[in-house]
Structure formats: structure tokens, C-alpha cells
Amino acid sequence: MKDDNNKTPARPRTRLVRSGRDKKIVGPFINPPVIHASTVLFDSVDSMLQQKQPYEYGRWGTPTSDALEAALNDLEGADGTALCPSGLSAATVALLACVSTGDRVLLTDNIYGPVRRFADGMLKRLGVETVYYDHALGAGIEALFTPNTTVVYCESPGSLTFEMQDLPAIAEVAHRHGATVMFDNTWATPFFFRALDHGADISIMAGTKYIGGHSDTMVGTAAARGETWQKLKDTRRALGIHLAPDDMYLALRGIRTLAIRLEQHQKSAMTIARWLQGRPEVARVLYPALETDPGHALWKRDMTGASGLFGVVMKGWTDAQARSFADHLTLFGIGASWGGFESLVTVPHVKPIRTATSWQAEGPLVRLHIGLEDPADLIADLEAGLVHAAAAG
């Protein structure tokens with residue numbers, strides 16, 4: 001058998017298939033062994049005390065975690081990746097790795113809701129101040145910096161409303177002030193956007209979504225380089241955070257097909273987004289890949305693709321109509337976690353969770369995740385849902 005040794009070609013699609021397949025980890029097999037382990041045995045007391053073997057304790061690493069981490073490091077361009085049991089835990093580990101009592105954190109106002117709750121709850125209790133900022137600030141974020149500002153947390157596109165941020169401009173300012181830049185990259189994944197190459201110090205993903213890709217695993221990842229990676233690694237270990245081996249295996253399996261899945265999600269999402277733009281019931285489609293989207297220029301400059309998640313602002317609908325629309329769809333499940341092969345719909349309420357900005361819309365917001373079903377079938381389902389919503393009005 002040819003020895004891979006991670007000597008993978010430069011093209012991203014090939015790297016997704018070949019990364020993490022070092023023979024020293026997987027042996028003669030294509031996939032790594034799924035190691036269920038807590039205790040690791042040593043040949044002698046001296047071997048244990050002097051840490052003379054690569055594996056010491058199940059929570060600290062196994063061949064299964066090594067294979068997944070190697071694949072993610074290659075995908076992210078990172079020195080190391082902290083594997084966590086959810087996207088939220090990856091975000092919280094990253095924040096705890098970089099803040100101390102008395103610090104100030106800048107969080108984008110369109111951040112993932114559970115991260116906001118963590119900041120307003122636990123970080124506040126630990127004596128860390130959180131200031132929310134307008135996603136559109138770009139380099140103007142400098143006005144919010146104080147001597148104790150240690151972290152800037154970005155998400156682009158923003159949660160629920162899909163606004164783009166100028167990460168390179170924000171990172172340039174943050175680094176001049178000695179702050180760490182964190183970036184939630186769940187939407188694009190490093191296949192479409194390598195956040196570490198654009199100024200982020202920590203790239204965070206809910207691998208539950210597109211990395212897993214099959215709605216059957218919970219995974220969080222936080223990737224970094226250099227000293228930031230060491231802080232992240234030490235914090236994850238101190239907190240006892242660990243990803244289960246079966247979830248590691250499912251995440252690694254998902255990585256192998258990430259490229260073809262994302263490309264199909266994007267193709268179908270673009271078809272459906274353009275169709276929705278032409279509907280009289282629709283005021284706006286919130287999808288940065290559309291030329292009419294306010295964030296399109298930033299998306300086109302920085303990203304190489306778009307995923308299958310976007311928002312739709314309905315024109316003059318009531319909340320009851322939006323709920324009726326979602327309730328009468330048959331191919332779109334009603335559920336929060338997206339990124340799998342199936343299409344989903346939710347009807348989120350944005351205004352109550354914004355503090356630094358004001359969400360103004362022509363009607364209720366509907367969020368769609370476009371799965372891998374035939375786009376023509378999805379369009380027919382959406383059209384039938386629009387008819388039911390009209391009747392509900």
C-alpha cells in the first residue's frame with residue numbers, strides 16, 4: 001500500500017479526501033479505528049511518569065482524534081484544532097481561553113444567540129464586560145477599543161439575518177490593539193472561507209452542521225495557530241472537554257464528502273433564492289451570494305462559495321401567515337440545526353435579541369436551509385406553502 005503521510009496535493013477537494021490518513025495513525029485502513037478508551041496502559045511507572053508514549057489518557061487523545069484533528073488542521077490551515085461536543089462549547093472554550101476578570105469583549109450584534117447568552121450570563125458573572133457592535137463597522141470598530149479590550153468575536157454572515165463583516169479590516173485594528181479575533185465560520189466552512197488566512201486567530205465551527213452533514217452527530221471545532229493554539233489547547237484540557245469517538249468518526253466521514261455536498265447546497269440554494277426573489281410575497285432574500293444582497297461585494301471578495309442557508313423577509317405578512325407557511329411545507333422540516341442533507345424551515349424573531357443595532361423588516365423573517373432534494377420539488381413545496389399562507393391572511 002502506498003504510504004500517504006499527509007503528502008496531499010494543494011487542491012482543496014483532493015485534500016478533503018486525503019487529509020488525516022497518515023499510515024502511522026490509520027495503519028493499512030482507509031478510515032481510522034474508532035477507539036473507545038478511558039484508561040491507557042503503560043509498560044512501566046517510569047514510562048507513565050515521563051510520558052514516553054504518544055497516548056496517555058482517553059480524554060487527551062487517541063488515533064481517532066488524531067485523524068480528525070489532522071484533517072481539520074489541513075482544512076483550516078491551523079496548527080491545532082480543539083474538538084468539542086458542540087459548536088457552542090467550541091465558542092465558549094475559545095472565549096474562556098482568551099479572557100480574564102476585568103477584560104472587555106466586543107461581540108457582533110448578529111451573533112449566534114446561545115453565545116450571546118453565555119456572554120451575558122457566565123462571562124458577566126466572571127467579571128468580563130461584553131459590548132455588542134454593529135456588524136457594518138469594519139475598521140470603524142476602533143472607536144470601541146479600550147485598554148482592556150482583549151477579544152473581538154465575529155460571525156459572517158450573521159446569524160439569522162446574514163449580514164457580511166469585513167474580517168480583514170476588523171482583524172487589522174484588533175491586532176494593533178493586541179486583541180484576539182474569533183470568527184464563527186459555520187456557514188461557509190473553511191472549504192469556502194479560510195478564516196485564519198483572513199485575520200482570525202481562532203476559527204470556530206459547529207461541525208454538527210456541514211462537517212457532519214447527516215444530522216446525526218454533535219461536534220464543535222476551534223482551530224488556531226501558534227500561541228493562540230496553545231492557550232486553546234490548555235483551556236480545553238483544563239475544562240475536561242472531550243468529543244466522543246463515534247462523533248469523531250462521523251465528523252471525519254462527513255469531511256470526505258464536504259466539497260460535493262456544499263457545492264450542491266449552493267447550487268440548489270441559488271436556484272431557489274432567485275425564484276423567491278421573483279415572488280410577489282417576498283420583500284427580500286438575505287443571501288450574500290445574490291448580486292442584490294448588501295454584503296455581496298464582501299462575500300465575492302473573500303469567499304469562494306455559499307452554503308444552503310438563507311433568510312427570506314416576507315412582504316406585509318402577519319406572524320400567523322409565516323407560521324402557516326412553515327406548517328404547511330412537506331419537504332421542509334421545522335427544526336433549528338441545519339447543514340444536513342434535508343431541507344429545514346424556521347420562523348425566528350430577530351428584534352428582541354438585537355441591542356447595538358435595530359432590525360427593521362417589511363414583514364416576518366423565514367429562514368430556509370436548502371438540502372439535497374431536487375430543487376424543483378422544493379420550489380413546488382414552497383409554492384404550495386405560499387398558497388396556504390395567503391389563505392391564512
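Author: This is a predicted model in which local features need pLDDT of at least 70 and side-chain atom pairs count only at pLDDT 80 or more, while totals for chains, interfaces and linings use all residues. Residues are numbered from 1 along each chain as its sequence is written, and side-chain values use heavy atoms, with hydrogens and water left out.

Reader: Is Cys-154 buried or exposed, and what is its relative accessible area?

Author: Buried here means under 20% relative accessible area, exposed means over 50%, and partly exposed lies in between, with a 1.4 Å probe and protein chains only. Cys-154 is therefore buried, as its relative accessible area is 0%.

Reader: How many disulfides does the structure hold?

Author: A disulfide is taken as a pair of cysteine sulfur atoms within 2.5 Å. The sulfur of Cys-98 is too far for a bond, because the closest cysteine sulfur, in Cys-84, is 13 Å away. Cys-154 is likewise in no disulfide, the nearest cysteine sulfur being that of Cys-98 at 13 Å. The number of disulfides in the structure is zero.

Reader: With which residues is Val-152 in contact, leaving aside its neighbours within four places in sequence?

Author: Contact means heavy atoms within 4.5 Å. Val-152 is among the residues with the most contacts inside the largest core. Leaving aside neighbours within four places in sequence, its partners are Leu-106, Tyr-133, Ile-141, Phe-145, Ile-170, Ala-174, Thr-180, Val-181 and Met-182.

Reader: At roughly what angle do the axes of α5 and α9 cross?

Author: Axes are lines fitted to C-alpha atoms, for helices over the stretch in contact, and angles run from 0 to 180 degrees between N-to-C directions. Val-93, Ala-94, Leu-96, Ala-97 and Cys-98 in α5 meet Lys-231, Leu-232, Thr-235 and Arg-236 in α9. The axes of α5 (residues 87–98) and α9 (residues 226–238) come within 9 Å, and they cross at roughly 110°.

Reader: What is the handedness of the crossing of α4 and α10?

Author: A crossing is left-handed if the near helix is turned anticlockwise from the far one by less than a right angle, and right-handed if clockwise. The axes of α4 and helix α10 (residues 245–256) come within 9 Å and cross at roughly 35°, with Leu-68, Ala-71 and Leu-72 among the α4 residues that meet α10. The crossing of α4 and α10 is left-handed.

Reader: Which residues does a cis peptide bond join?

Author: Most residues other than glycine have a negative phi, and most peptide bonds are trans. The cis bond has an omega of about -5°, and its proline, Pro-157, is found in the loop between β4 (149–155) and α7 (167–176). The residues joined by this cis bond are Ser-156 and Pro-157.

Reader: What is the positive phi of Ser-215?

Author: Ser-215 is found in the loop between β6 (202–206) and β7 (220–224), where a relative accessibility of 45% makes it count as partly exposed. Ser-215 is not a glycine, although its phi is positive, at about 55°.

Reader: Near what value is phi of Thr-189?

Author: Thr-189 lies in helix α8 (residues 189–192), and it counts as buried because its relative accessibility is 1%. Its phi is positive in a residue other than glycine, near 60°.

Conventions:
A nonpolar core is a set of buried Ala, Val, Leu, Ile, Met, Phe, Trp, Tyr and Cys residues joined through side-chain atoms within 4.5 Å. Helices (H or I, at least four residues) and strands (E, at least two) are DSSP runs, numbered from the N terminus.
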